[in-house]
Amino acid sequence: MASTAPSDLKLPQRMGPVPEETHRSPAGEQLHLLSSLAPVQTLASVIQPCYGPHRRKKLLVTAQGDVVCTGSAAAILRALQLEHPAARFVREAAQAQAESTGDGTAFVVLLAEALLEQAEPLLRAGLARTQLREAYSTALAEVLATLPSLAIRALGPLEDPSWALCSVMNTHSLAHSDHLAKLVAHACWASKEPSGSFKPERIGVCTLTGGTLWDSCLLPGLVVASRPCGQVTAVPSGARVALFTCCFGPASPSAPATARLYSLEDLLTFKTESRRLIENQVVQLADADVNVAVVWGDVDEEALALADQLGILVTQVQSRREIVYLSEVLDTPLLTSLLPPLKLGQCRRVHTQKLGDHEAMVFEWEQEGAPVLTLVLRGATAEVLRGAEEATYHGIDAYAQLCQDPRLLPGAGSTEMALARMLSEKGSKLDGPEGPAFLAFARALRSLPKTLAENAGLAVPATMAEMNGLHQAGNFLVGVGSEGLLNAAQEGVWDPLVAKAQGLRAAAEVVLTLVTVDEFVVAKASSIPQQTLDPDSGKAMESLSLPKKESLRTERQQHPQ
């Protein structure tokens, strides 16, 4: 550009190109009036193939250099390093949806992008941003008010939930998904309290490599993928557990403390005192009635030998998540040093369970009223186990939602198409900003079943035209399947009402925020050193006064009196 850029004037730096006086770029393309549209479209293009049961997977290279094959939109969003604030806003909304309902991450991203894209022509037509925001809010209220009327089935209080969970877990394209859905349904049913309440944290998930998903099973108690480190392999009764996030032995060599040794006698004394300290700590654990020590760290051989003599079972977990979950279930704190806890975790027994070619530690309570059940997943590869674990957690979260609200909506895009039909009919009869906004909201909703058809490899124009015609005729149960259109109720494809309502609300709210933003700016750091801004600094005052003295001396030389 010929004019001076804003950065040259030390003004806030604009994110994106500075628009010309006209509304067209040098290449002739029309610039977006919504500055958040382009980054959100880029984010949606990454997530779009991961939507629906026929989603495609990606080879994801994380920031640590790990390569993961995944089709999870939530995992991809976590790994992406986003720079634009608009993309971050959408990711935060999608992650909040995943945390509250367990699913719907891709749904939020795609619907938010579609709503922003449909808002662009309305702004170009002259609709004010405040009017567009109010009209979108009215359309959202109509959608949420209509949504319960589309729920045609509910989960009964004494009904087997496997049929409701199967469609949620089938979106991961797993082999033996029906068997896995029955296991999850049985675990949820067994963990449900007599009052009807359900706590998802009462169901544990353990993954073991080897076998197939058909070999997965449900075990009472908490199962951890670890094995005993020493000779003590079981505590048959009265297990009292302590959890440590430090080494079971001397401090790590990378500890900040450093011993200064000047002679051989100092070295021998240091080793003797260090060994004596570890012995005293292990003896203290035994005196406090600790007979099970779970360690997230290294295990020293000498300390382990002493623990074997004192009858302490020592086992080593491989992840922080496992030991944190143990802390929650056993209601005992995590310790950073080998000291007895103030409150020991207690269970009936701890023993080793042989599962295929692997061993696992089982923390077992009394059969009646057991605080936890564990679903042990088996798979040939880590990628299969990762998908099965994700599907299991989605099934557990779906059951938790159904305990709050048992109503179910027809899936496969049929609910979105029915809502779009309702908005189109109302929008065509409204005057003012609400009419075009309702129609724009309807087009955004239709983009979701269109994405399902694209990911399934169907002829999109013909499929969408046929689907729209059937919905216009009043058949709101028609959705998108793998081979064409299907009846969602007959095929058993359901979505929880709570998750759908929360996803619609999350996507619309982030759009209501971004639609009123005209541009994104980044305040540049000042080029003046910080010390020159300190009024108490003599050097600062001198640096500020020197240029003035030099200018006065030059002026006197040029204009002597």
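Tutor: A crossing is called right-handed if the near helix is turned clockwise from the far one by less than a right angle, and left-handed if anticlockwise. Helices are DSSP runs (H or I, at least four residues), numbered from the N terminus. The model is predicted, so that local features need pLDDT of at least 70 and side-chain atom pairs count only at pLDDT 80 or more, while totals for chains, interfaces and linings use all residues. Residues are numbered from 1 along each chain as its sequence is written, and side-chain values use heavy atoms, with hydrogens and water left out.

In a right-handed crossing, α5 passes α13. Helix α5 spans residues 129-146 and helix α13 residues 434-455; their axes lie 9 Å apart at an angle of about 60°. Axes are lines fitted to C-alpha atoms over the stretch in contact, with angles from 0 to 180 degrees between N-to-C directions. The two helices are therefore oblique to each other (under 35 degrees is roughly parallel, over 145 roughly antiparallel, 65 to 115 roughly perpendicular, and the rest oblique).

On the α5 side, Ala135, Tyr136, Thr138, Ala139, Leu140, Glu142 and Val143 make contact (heavy atoms within 4.5 Å) with Glu434, Ala437, Phe438, Ala440, Phe441 and Leu445 of α13. This contact of α5 with α13 comprises 10 nonpolar residues, one polar and two charged.

Helix α6 (residues 162-169) packs on helix α11 (residues 382-404) at about 135°, with axes 9 Å apart. That angle makes α6 oblique to α11, and α6 passes α11 in a right-handed crossing.

Definitions and conventions: Ala, Val, Leu, Ile, Met, Phe, Trp, Tyr, Cys and Pro count as nonpolar, Asp, Glu, Lys and Arg as charged, and the others, Gly among them, as polar.
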